[in-house]
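Here are my notes on this model, point by point. Please keep the structure open while you read.

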Amino acid sequence: MADINDAAGLWLAKTSGALAGSAISVAYFLPAGRREAAIRFAVGVTCGLVFGSTAGLKIATELGVAEYLAPFEMVLMGSSAASLCAWNAIGLVLRLMERRAAGRIEKTPK
């Protein structure tokens, strides 16, 4: 029974972190329109849920604080970071695609 409560707590941490990361991204990097905001928010939340645990463990290990953090804290941190990074990655990809469409970046020869 304790496993179910632990799992629910970790899912709560993943969800909270993913939503927080996406919300921070919306406030920090304003989207061009509602459609872009919805797409970026959905991708941010999805990436936070999928990669939250792994990202949190990697960040905590790299910083050398893994033994001082509870699993809930690591997952919350990782979900927020993954969500925030996904938002930035989408923005970068969109800018590169716009430049390529405008002819400022040459297509690679086949």
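1. **One residue to start.** Arg 99 is partly exposed, because its relative accessibility is 42%. Arg 99 sits in helix α3.

2. **What you are looking at.** This is a predicted model, in which local features need pLDDT of at least 70, side-chain atom pairs count only at pLDDT 80 or more, and totals for chains, interfaces and linings use all residues. Residues are numbered from 1 along each chain as its sequence is written, and side-chain values use heavy atoms, without hydrogens and water.

3. **The fold.** How many helices and strands does the protein chain have? There are three helices and zero strands. From the N terminus on, the order is α-α-α. Helices here are DSSP runs of H or I with at least four residues; strands are runs of E with at least two, and both are numbered from the N terminus.

4. **Overall dimensions.** The radius of gyration of the protein chain is 17 Å, whereas a compact globule of 110 residues would have one near 13 Å. That radius is taken over C-alpha atoms, and the globule rule is 2.2 Å times the number of residues to the power 0.38. Along the principal axes, the C-alpha atoms fill a box of roughly 60 × 30 × 25 Å.

5. Of the 110 residues, 25% count as buried. The chain exposes about 7,700 Å², and carbon and sulfur atoms supply 67% of that area. The areas come from the Shrake-Rupley method with a 1.4 Å probe; for residues, only the protein chains shown count as cover.

6. **A buried alanine.** Is Ala 60 buried or exposed? Ala 60 is buried, because its relative accessibility is 0%. This residue lies in helix α2, which spans residues 34–63. Leaving out residues up to four places away in sequence, Ala 60 touches Val 65, Ala 66, Leu 69, Met 74 and Met 77. A contact means heavy atoms within 4.5 Å. Ala 89 is 29 residues from Ala 60 along the chain, and their C-alpha atoms are 22 Å apart.

7. **Contacts along the chain.** Take contacts between residues at least 6 apart in sequence: 67% of them join residues at least 24 apart.

8. **Cysteines.** The structure holds zero disulfides. Cys 47 is in none, and its nearest cysteine sulfur, that of Cys 85, is 9.6 Å away. A disulfide needs a pair of cysteine sulfur atoms within 2.5 Å. Cys 85 counts as exposed because its relative accessibility is 52%.

9. **Back to helix α3.** This helix covers residues 71–102 and includes Leu 96. Leu 96 is partly exposed, with a relative accessible area of 40%. Leu 96 and Ala 42 are 54 residues apart in sequence, and 21 Å separates their C-alpha atoms.

10. **Charges.** The protein chain has 11 positive and 8 negative side chains. The centres of the two sets lie 18 Å apart. Lys and Arg count as positive, Asp and Glu as negative; His and the chain ends are not counted. Each charge is placed at NZ of Lys, CZ of Arg, CG of Asp or CD of Glu.

Note on methods: Buried < 20%, exposed > 50% of the residue type's maximum accessible area, 1.4 Å probe, protein only.
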